[in-house]
Amino acid sequence: MTAHFNKRTSESSSWQAEKVAGNDDLLRQILVRLPGSSLLRFRCVCRHWRFLTSSSDFRQLQSCRSAASTAGLFLFRKSDRRYHLDHLLNFPETSKRRVPSNIRTFIGSFQSIKPINYCNGLLCLRLHLDNDEVFYCVYNPCTNRYTNIPLPEIDDLDEIVSMNLAFDPSKSSYYKIVCIVKEGLGLLRFLTFSTEANSSTTWKESGQQVQIRVDHYYYFGKGVFLNGAIHLVSKHSPFLCFDVDNECLKKMPSTSIPEGHDRRKIKYFGESAGKLYLIEENVLRPTLLNVFELDKDYSKWFMKYVVDVDVLTRLFPLMVFNEPESLDAIDYQFDVLCFLDGEKEGKTMLVLSLPEKMISYDIKNMNVKELLKVQLEELHLNMEGFLVYNYKWYHAYKHVETLALV
């Protein structure tokens with residue numbers, strides 16, 4: 001009787017599999033829920049699966065779904081004036097953590113490589129060839145494909161400060177690039193380029209200019225694209241917001257600079273779950289973090305959380321840096337690499353870089369997970385002549401497994 005039951009179960013399973021395989025709509029809905037790396041492997045199953053997953057509609061649907069979740073973080077390190085891709089820190093924590101060999105091969109084929117910007121699975125890179133030629137490209141790490149970006153025509157004394165990507169797969173499979181050019185006396189101007197088929201193949205001057213002080217620095221390379229605009233933050237100056245479609249600067253609220261201080265101590269700026277987050281060091285002590293969220297109507301920043309990471313120093317004593325002959329702590333060595341808003345799932349997480357370790361810290365239930373061990377001698381990040389032993393937030397770039405074309 002057991003053998004008979006097993007036979008019927010096997011026949012039923014086989015019939016259900018055939019039914020799924022014969023229904024393109026159902027098969028498409030199943031496949032689109034898979035990670036991009038898995039889809040690339042499954043294309044080898046048969047020609048029909050390759051055809052389904054290669055269509056423009058499927059790519060856009062898959063890109064929309066993947067953009068809603070962060071697969072991991074790429075960690076870049078600057079040493080000897082070159083950037084090195086050290087790690088791919090994957091989520092969930094149980095998944096593999098090595099940078100795929102095809103990505104290492106791509107990066108290793110250039111004399112040097114500098115990450116410029118990230119948006120929904122695409123990276124903008126500045127590449128140096130062996131003959132010292134420099135060019136920019138948009139790179140999809142999931143598919144290991146890239147395309148060159150034509151350089152805008154600028155004067156010899158002008159400087160390309162950043163190339164910011166604007167890619168929203170929920171609206172289009174195409175992306176735009178905003179180039180920020182600095183002229184003399186700190187004057188910035190904005191140029192735009194689109195990959196749409198019927199658009200011009202040259203850069204467009206937006207006509208927007210803004211004057212900045214030389215010593216007032218913006219995090220141009222970490223501009224965040226959301227709601228059709230690229231958002232830029234600064235330690236000293238009011239925040240900027242560039243409307244990509246209308247090619248104009250818009251008003252954007254800034255957080256207040258603490259009284260008696262000349263700058264904000266920014267620990268992180270990024271997007272999660274469709275909202276903008278800014279994390280600043282509290283003036284009371286370095287282990288207190290103010291987590292700000294921008295109102296949907298862009299009226300103000302409000303403090304959503306105050307997180308005290310001092311409790312972590314008991315677990316990770318290397319976070320505390322002491323003078324050799326003193327018991328008084330003079331500094332704390334930690335940085336925020338990423339903030340993931342998981343209110344719906346009940347899990348809101350900070351990803352922190354500490355000496356020798358990368359950890360995740362659930363600020364709701366205070367759970368700690370070790371994500372990666374890093375030997376101190378492997379790091380030695382050279383920042384303006386100083387050696388530091390943990391990554392900063394601007395060393396980390398989100399990884400989203402998208403099949404988007406570049």
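1. Four strands form an open sheet in the order 7-8-9-10, with antiparallel pairing. Strands here are DSSP runs (E, at least two residues), numbered from the N terminus, and two of them pair if DSSP finds at least two bridges between them. Strand 7 (159–166) and strand 10 (204–211) are the edge strands; each has a single partner strand, so one side of each lacks a neighbour in the sheet. From one strand to the next the twist averages 25°, with axes taken as lines fitted to C-alpha atoms and angles running from 0 to 180 degrees between N-to-C directions.

2. On provenance, the model is predicted: local features need pLDDT of at least 70 and side-chain atom pairs count only at pLDDT 80 or more, while totals for chains, interfaces and linings use all residues. Residues are numbered from 1 along each chain as its sequence is written, and side-chain values use heavy atoms, with hydrogens and water left out.

3. Within the sheet of point 1, strand 9 (residues 187–194) runs antiparallel to strand 10 and is joined to strand 10 by five bridges. Arginine 189 has glutamine 209 of strand 10 as its bridge partner.

4. Strand 16 (residues 275–281) is mostly covered, with seven of its seven residues buried; buried means under 20% relative accessible area, for a 1.4 Å probe and protein chains only. In a regular strand, side chains alternate between the two faces of the sheet. Lys275, Tyr277, Ile279 and Glu281 point one way from strand 16, and Leu276, Leu278 and Glu280 point the other way.

5. Strand 16 has antiparallel pairing with two strands. Six bridges connect strand 15 (residues 266–272) to strand 16, and serine 272 has lysine 275 as its bridge partner. These two strands form a hairpin with two residues between them, and alanine 273 in the turn has a positive phi of about 55°. Strand 17 (residues 288–294) pairs with strand 16 over five bridges, with glutamate 281 opposite leucine 289. The hairpin from strand 16 to strand 17 passes through six residues.

6. Two loop residues deserve a look at the backbone. Asparagine 120 has a phi near 45°, positive in a residue other than glycine. Asparagine 120 sits in the loop between strand 3 (112–119) and strand 4 (122–128) and counts as buried because its relative accessibility is 16%.

7. Glutamate 247 has a positive phi as well, near 50°, and is not glycine. The loop holding glutamate 247 lies between strand 13 (240–243) and strand 14 (248–250). Its relative accessible area is 16%, so glutamate 247 is buried.

Terms used: Buried < 20%, exposed > 50% of the residue type's maximum accessible area, 1.4 Å probe, protein only.
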